[in-house]
Amino acid sequence: MALVVVPPGQMLLYLLYGPVVGKVVQEWREQGRLPLGSSWCLHLILLLALRSLTYQLWFSYGNMLFFTRRRRVVDDGVDFRQIDTEWDWDNMVIMQTLIAAVLVTSRVFPATSDLSAWDLRGWTIAVVLHVAVSEPAFYWAHRALHLGPLFSRYHSLHHSFQATQALTAGFVTPLESLILTLVAWAPLAGAFMAGHGSVSLVYGHILLFDYLRSMGYSNVEVISHKTFQDFPFLRYLIYTPS
Ligand SMILES: [Zn+2]
């Protein structure tokens, strides 16, 4: 199995989590048990691990040629130069976790003070916002990133290699990370601001987004293109490599 090994320099970035981990330890000591029902910081750390695992597993799957050779979108696989270049793919996940840590601990965003496990209304708001806001915004932002200086200065890096891998999804400049974060989190923000956010929504939305995104970049046609011809509406829900 192909493994992503984080180089020592990149490891230092994870020290940024010190205060987040410290807060969880403090809450744990105060409550005498794991603060699953009261600590967003704990959920952010768990989410970080699960998100990294999602990209890791899709990266490994995409490189299992004995499994995927016949369903590759671009025949060429990734080479060592690409693996080296896209090494810092996790910057996006690190940045998003830190932004989230600031949001959930600040008084400016009090909507997250409640940690209910499940709220159907919040899920409904998120799905509506995803289809009505996130998908079109992502489409137009991506089109804009392919124009003139935006492409040459920011987005061309993301398209450095013809074949993609799951990790290419995170290989973006900070500006693109920010745009992606705003667009991807709009449904969550909407649900929380309406007072219907929940822990399951945060896990579900973020992990599903990562899952579909890494599948889309895996260079493997998981769902046949014929399925999309027969059911065109699926294109609005599922991101595909082809
Ligand atoms: Zn592009």
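Let me start with pLDDT: the predictor's confidence in each residue, from 0 to 100. The chain here has a mean pLDDT of 86, and 88% of its residues reach 70 or more. So much for confidence; now the ground rules. This is a predicted model, where local features need pLDDT of at least 70, side-chain atom pairs count only at pLDDT 80 or more, and totals for chains, interfaces and linings use all residues. Residues are numbered from 1 along each chain as its sequence is written.

Next, the overall make-up. The chain has 11 helices and zero strands. Those labels are DSSP runs, numbered from the N terminus: helices are H or I with at least four residues, strands are E with at least two.

How much of the chain is buried? Of 242 residues, 29% are. Buried means 20 or more other C-beta atoms within 10 Å of the residue's own; exposed means 12 or fewer; partly exposed is in between; C-beta atoms are placed from the backbone.

Contacts next. Two residues are in contact if their C-beta atoms, placed from the backbone, lie within 7 Å. Take the contacts with a separation of 6 or more: 75% of them join residues 24 or more positions apart.

Now look at α7 and α9. Their axes, for residues 120-145 and 174-193, come within 7 Å and cross at roughly 160°. That makes α7 roughly antiparallel to α9. The cut-offs: under 35 degrees is roughly parallel, over 145 roughly antiparallel, 65 to 115 roughly perpendicular, the rest oblique. Axes are lines fitted to C-alpha atoms, for helices over the stretch in contact, with angles from 0 to 180 degrees between N-to-C directions. On the α7 side, the contact residues include I125, L129 and F138; on the α9 side, they include I179, V183 and L188.

A second pair: α2, residues 18-31, and α3, residues 40-62. Their axes come within 8 Å and cross at roughly 125°. The two helices are therefore oblique to each other. V20, V21, K23 and V24 in α2 meet C41, L42, L44 and I45 in α3.

Last stop, V73. Where does V73 sit? In the loop between α4 (65-68) and α5 (80-85). V73 counts as partly exposed, because 14 C-beta neighbours lie inside 10 Å. The C-alpha atoms of V73 and E221 are separated by 6.3 Å, yet these residues are 148 apart along the chain.
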